[in-house]
Structure formats: structure tokens, C-alpha cells
Amino acid sequence: MKEVATTNDDYDLVVVGSGASGLTAAIVAARAGLRVVVLEKASLLGGTTALSGGGVWVPANPLMLAAGQQDSAESALAYLAKVIGPSCDEATLSRFLDKGPEAIDYLHRHADAQFSTRARSPDYYSDLPDATDSSRALDTVEFDGRLLGSDLNRLRPPRPETLLFGGMAVSGLDIAHFRDAFRSRRSFEYVVGKVLAYLRRRLRYGRDTRLVLGRAMIARMLTSLKALEVDVRSPVEVVRLVKEDDRISGLCVRHAGAEQTLHARRGVVLATGGFAHDPVMVKRWVPMPDVHLSVSAPETTGAGIAMAQSVGAALSRGERDSAYWVPVSVWTRRDGTSTSFPHLVTDRAKPGIIAIDKAGRRFVNEADSYHDFVRAMHRAGIGPDHSPVYLLCDSRALERYGLGHARPWPFSKRRLLRDGYLQVGRSLAELADRIGISATGLTDTVDRHNAGAALGTDEAYGRGSTDYNRSMGDAGHRPSPCLAPIDRPPFYAVRLFPGNLGTSRGIRIDGDARALDGEGHPIAGLYVVGNDADAVLQGSYPGPGASLGPALTLGYLAALHASRSGN
């Protein structure tokens, strides 16, 4: 992979964006014999995928079936129809359910994009009849970054808050073992082995070369492209699409101050990651944009969507969610720098942690998905007047599970307390006074919560009543994995904001990922995939990896269509 532009400007397919969907398209097209180039405007590769958990939600995928886990496209469609509701587009969903397993099989057999099944991974709406508790969700297998050679330096680094000991990358399995390190000998031995291995890598290479989660996915795809001799250029700015004879025939790029036209005989694939950091589109499509935060890659500014619209492509229609929601907290240090934390799976569902509003009241089942958590924030009107929402816990829960940036024992919380990220009170009333909420409301809420938690029940929101809820809690806690009294002072709180992992509203496409114009006709030579495309799942979030599963599938479909003659 080269970092500088070549003089040859003739290609079969030009891919714009280096996330999972774009790299999938590049791999499939190159293996079909097409001459492909990938363009990335950032200096680092991987986009939001490299910052993600690397999970892929594809029902009835070949790996889960081979592992003896039962599923079918018919069952998945019935599940999705219930999740999405009356507006469900069954034709689009059926296309995904038909071709998604095929895309996974292709990548597993013909590329280095390797996945593994999960023993237990409930769909987010696990109480629905056609939900599964197995591996519709797949994990990316970890990767040895040394195999990338010098290109490891081009890979987008993980978020600092996801690292331990100054640079140790951790997977979901690692986190579970770290949490149980002093309760289980097996976990203790696992943790010791991982830490020692990390220290050896750090001493030898100056960094952690073990890649996990989304970075492992991107690294594996880049390795495949390297073997296929596909040029991946960065940083390159795409100026505009080139349209000739009613088809997209290439694009104009700017690199090192000079413009160049790249010809694309089979077309252009737009995979620039959506509009999460475009203020105009965010204001139009995102509730409460004045307090909304995104943890997607900062380069996701809607450039691909705007380019497609400039040649007549139509934006999606209809009332539904426009992003994959997640609650976010922000640590602003005394020097003015800040870092965001997406509250995905490490704290909200754990026993002894609740979410409260300005009145000190709960407003949500905290163990539901991050997507539904923010939906509840929207319904409650949290945000327009900057009404605060907090996660709250006692000292026992904080030391056991952590709270956002505040990691469990034995990690220090001193800096977070000093900088105001973590608020503390010796009593609930003192904490309420510190964070500006109703002390009476908070005390009453905690009393009622504690009474139910002692019995393992949550009459208000049914927390812990679904398989998904319980999977996100602490399996070793009794009587409920999701509930515990909040009664050991001091008490702590972290403020939450509505946010997103990426956007889900984009350019309308057909079953081959071709952009559609306002009349529903495909624009020849223009493919749109990933978060630039209107979401296959229509703004819903049915399970872990529900963004990346369709993204890989669309990249696969776009490349298949482009590789066929006469397109």
C-alpha cells in the first residue's frame, strides 16, 4: 500500500473511504480481477470501524450454523418486522438476509477477515419470539499487527479510554476476565497472562501490537488488499464526481495541492462514513443537536452523501431514527482537552447503578440497549434545556464495575474527581446538591429501587426481566444480575449526553447498492455503502454489530455488481 498518488489514473473501480464497507468492496472487486484503488481523506485508515467493537450482526450466518446454532432467514425477518414495525421494508431486509451470510462466507474463505461465533449473545429485543441468544453476532478474530509491517503506523489508533496500562488493547472477553480477576482463579491467571504478554510486546516493539475489535477487522482487510496489490491512498481529498454520458465515470481528487482525475470504468463506491460530524445534517436529522455528541471518526462529515446528491441521488425519506444512539459522558481536563466515553456495556446494566433525571427520577430500563437508552432520553425531553441526566452508583458498585472513565478497583479515580467528571457525595442529599437535582426525588427513587433490588425485581421498568438485560449484568450477582441496593456511601455520579456511534440515514439505494435518483432509478456507476447509504435496518438496532453487518453486505453487493459486465 502506497501513501503517495501514482501517475496512472485508470481504474475499474474507485472506492472512497477505508472503513469496513469500502474495504470489503475493494477486496471483492480486486479478487474478481478489477483494478481497484481506495482513497481515504484522513491520514489514518479505518474510519469509525477501527474505533468500533468489530462485531458483525448477520442472521443465519454460516459460522453459527456450523456451530450447531439454529437460525433461518424467515425467523430473522419475523424478528426484524417486529422490531421495525409497520414501516418494515421486507424486500430490502430479505435481500440483506439472503446475501449477508454469503458475504460472511466469502470474506471468511477468500480474505483474511476472520470471524468467530459467540457462545451467548442475545439479540437486543430478546423477549420477542424470533430473537436468538446465540451468534447472529460474530466477533472479529484478534490479529498480530506486526503482519501489517510499516502499514501498522497508518491504522487509526483506538480510543485512549479503551486502553489499559498506557496502551494495552482489550477485548470484551478481556474485560470480563479483568472484572473477575479477584473472584476467579481462572480469570486471575488469564489476566496475568495477558498483562505479561502486553509488557513483553511493549518492551520489544514500543507499543501493543495485538489488535482486537474493529482495529483487527481493518487490519485483516488491509492485509488482504496488500496481498491483492490494491493501492490504498491517504490522505486524499475527493473534490467531485465526474459524470459522462449519464453515468459516473470517475472523480476528481486533490493530493499534495494538485488536482487529478481518476477514471473508473465500472464506477465509484462511496463509503465515507455518514454525516455524524456535519452540523447542518445533524441539526436537520438529530434530536436535541445542541447537546448531542458523536463518538464516530471526526472525518464523518457527510462528504459522500453530499457528493451523491450533487449528481442527483436522493436522500432517504420517512420518520425514524437517523443514527445509532449511545449515551456519552465527557471528561474535560483542567488543561481544556476532553475525551468522550460511550456507555455501551461496561456500566449501565450492572447491579447498583441507575440513571436519573433532573427530578432525581429514573426514566429508563438501564439494562436495555444503548440505542434504546437514548431513545428514552429523547422521549423524556432530555437536552433542549440542558436538563441533566446522570448515572449514579454507590462505592461498592464503583469499585466493582467502574462508571464511564472511572475504572474499577484498583485504578485511581483521583484525577476524575479533581476535574469534576466524577461527582461524589457522602450522602445522597449531598450528591444531589452537588449535581443540582432534587434531593427528595433522588432519595425516594433510591429507596424504591433498593426495596425491589433486595428481591431481585424492578416493578418500574422491568430491569433484568429479559435475556439481553441479564447478559449485560453480572452473572455472579444474586438474586438478580442487574439489580443491587445502592446503600454504601460515598455515592457517585457521572453526567450523560445523548450521542451516536454513527448515522443511519443516507442515500437511497437498490438491492445492488446503486444510488437511486428522485424517481427511484439507479444512477449508473455510483454505489453507496456503509453509513453513506440509507440503513438496511431502517434506523433500528436489533443486535450487536447491526451497523457493520449490513455494511459488509452492501460492500460485497456493490463489488459483485461492478464486477459484472454491462453494468
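Visitor: In which hand does H1 pass H7 in their crossing?
Guide: This model is predicted: local features need pLDDT of at least 70, side-chain atom pairs count only at pLDDT 80 or more, and totals for chains, interfaces and linings use all residues. Residues are numbered from 1 along each chain as its sequence is written, and side-chain values use heavy atoms, with hydrogens and water left out. A crossing is left-handed if the near helix is turned anticlockwise from the far one by less than a right angle, and right-handed if clockwise. H1 crosses H7 in the hand called left-handed.

Visitor: At what angle do helix H4 and helix H16 pack?
Guide: Helices are DSSP runs (H or I, at least four residues), and strands are runs of E of at least two, numbered from the N terminus. The axes of H4 (residues 90-110) and H16 (residues 548-563) lie 9 Å apart. H4 and H16 are roughly perpendicular (65 to 115 degrees), and their packing angle is about 85 degrees.

Visitor: Which residue forms a salt bridge with Arg254?
Guide: A salt bridge is a side-chain nitrogen of Lys or Arg within 4 Å of a carboxyl oxygen of Asp or Glu. For Arg254, the closest N and O atoms are 2.9 Å apart, and the partner is Glu237. This pair joins strand S12 (residues 247-255), which holds Arg254, to strand S11 (residues 237-244), which holds the residue 17 residues away, Glu237.

Visitor: How many salt bridges does a search of the whole structure find?
Guide: One of the networks of salt bridges links Asp180, Arg183, Arg400 and Asp474. The search of the whole structure gives a count of 43.

Definitions and conventions
Axes fitted to C-alpha atoms, helices over the stretch in contact; angles between N-to-C directions. Parallel < 35°, antiparallel > 145°, perpendicular 65-115°, else oblique.
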